[in-house]
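Here's a friendly walk through one structure. Have a look at the sequence and the 3D view first, then read on.

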Amino acid sequence: MSELVRVEKLHKSFGRLEVLKGIDLTVNAGETVVLLGSSGSGKSTLLRCINFMETPTKGRVYLNGEAVGTEVGGKMRYKETDLCKLRTRIGMVFQHFNLFPHMTVLQNVMEGQITVLGRGSDEAKEKSMVQLERVGLAEKAEEFPSRLSGGQKQRVAIARALAMDPEVMLFDEVTSALDPELVGEVLKTMRQLADEGMTMICVTHELGFAYHVAHRVLFLNEGAIHEEGEPQKLLKNPQTQRMREFLDGHALFKLPE
Ligand code: ADP
Ligand code: MG
C-alpha cells in the first residue's frame, strides 16, 4: 500500500500550551483511520495541522511522499500560496456544515470549484451533480439549505468537499451536532466512501463506526498517541487504563458482541 499522509514528530503549541507532543502517523491510500480521544486531547488540532489551517510548531507533514513547506536553517517555512494549493488536495468536513443560506444546494457545491479551482460553471455543475448523486441528494440540488434536515445538510457538505477531488478526506466530529436519528445517514455515507476506497481520517465518538468501518483506530491522549491498533482488537481489549476509562465513558454505544 502506498503512503498518502505522513506526519512526523509533529508538535503544536498555542503560547505556552503544548497541545500536540510529537505525533507520528502514516495513513496509506485507501485507508480509513479513526481518531478517538477525550475532549481537549488535540484531535481537531491534529486534523487542522494536517491541512495547515494551523501551522505545526515542529515536525513535518508529507502528502503523497512530498514534504509540505521548505526547510530553511533547520526550520520549516510555509508559503501561503503553496498552502492554498495543498488545502485543495485535502477535503475537510466539520461538525457545523456552514452552507451558504442564500445559495441552493447545487450552488453551494459549485462555489469552491469555481472560486478556488477556477473551474468553469458547466464543469463545476457536472462535478457537483456527480457528488450529490454519490451522497444520495441529487434531487435536492435546487433546494435551499433551510429546506434540508441536518443530516442532509451534512451530506451536502461532504459532497462539496468531494467535488474538489481531494486525495484525502478529514472528518471532524461530523455527526456530533445532529439529532440522533440523523446520525445514521451520515455515517452510512462515510461508510460508502470508505468502501469505495477513499482515504479518510475521522475524528468521531461513534464507536460502532470505528469498529465496523475503520482499518485502524488511534487513541489520542493529552496530545500523544496513547494506543493504536485494529478496531476489533483495540476497542474490545484496550491495553491501557486510560483508554479503558475512555471507552467505559462510551458505554451507551455498546459494541456488538
Ligand atoms: P479536541 O478536538 O480533541 O477536543 P482540540 O484540538 O480542539 O481538542 O484542543 C486541544 C487543546 O488545544 C485544548 O486545550 C484547546 O483549548 C487548545 N486550543 C485549540 N485551539 C486553540 C487555539 N487556536 N488557541 C489556543 N488554544 C487552542
Ligand atoms: Mg475537536
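## Starting from one arginine

In which strand is Arg216 found? Arg216 sits in strand β11, residues 216-221; helices (H or I, at least four residues) and strands (E, at least two) are DSSP runs, numbered from the N terminus.

This is a predicted model, where local features need pLDDT of at least 70, side-chain atom pairs count only at pLDDT 80 or more, and totals for chains, interfaces and linings use all residues. Residues are numbered from 1 along each chain as its sequence is written, chains are lettered from A and ligands numbered from 1 in the order in which they are written, and side-chain values use heavy atoms, with hydrogens and water left out.

Is Arg216 buried or exposed? Arg216 is buried, with a relative accessible area of 17% (buried is under 20%, exposed over 50%, partly exposed in between, using a 1.4 Å probe and protein chains only). Its side chain makes a polar contact with the side chain of Glu31 at 2.9 Å. Such a contact is a pair of N or O atoms within 3.5 Å; within protein, one must be able to donate a hydrogen and the other to accept it, and residues adjacent in sequence count only if both atoms are side-chain atoms.

## The sheet

Six strands form an open sheet with mixed pairing, in the order β8-β9-β10-β3-β11-β12 (two strands pair if DSSP finds at least two bridges between them). β8 (90-93) and β12 (224-229) are at the edges, each with a single partner strand, so one side of each has no neighbour in the sheet.

Strands β3 (residues 32-36) and β10 (residues 200-203) pair in the parallel sense over four bridges. In β10, Cys202 is the bridge partner of Val34.

## The core

The largest nonpolar core has 49 residues, and Leu36, Phe171 and Met200 are among those with the most contacts inside it. Such a core is a set of buried Ala, Val, Leu, Ile, Met, Phe, Trp, Tyr and Cys residues joined through side-chain atoms within 4.5 Å. Helix α6 (residues 180-195) gives the most to this core, with seven residues.

## Around the ligand

Which residues surround ligand 1? Among them are Phe14, Gly40, Ser41, Lys43, Ser44 and Glu54 (a residue counts if one of its heavy atoms lies within 4 Å). A backbone N or O atom of Gly40 lies 2.7 Å from an oxygen atom of ligand 1. For Ser44, an N or O atom in the side chain is 2.9 Å from an oxygen atom of ligand 1.
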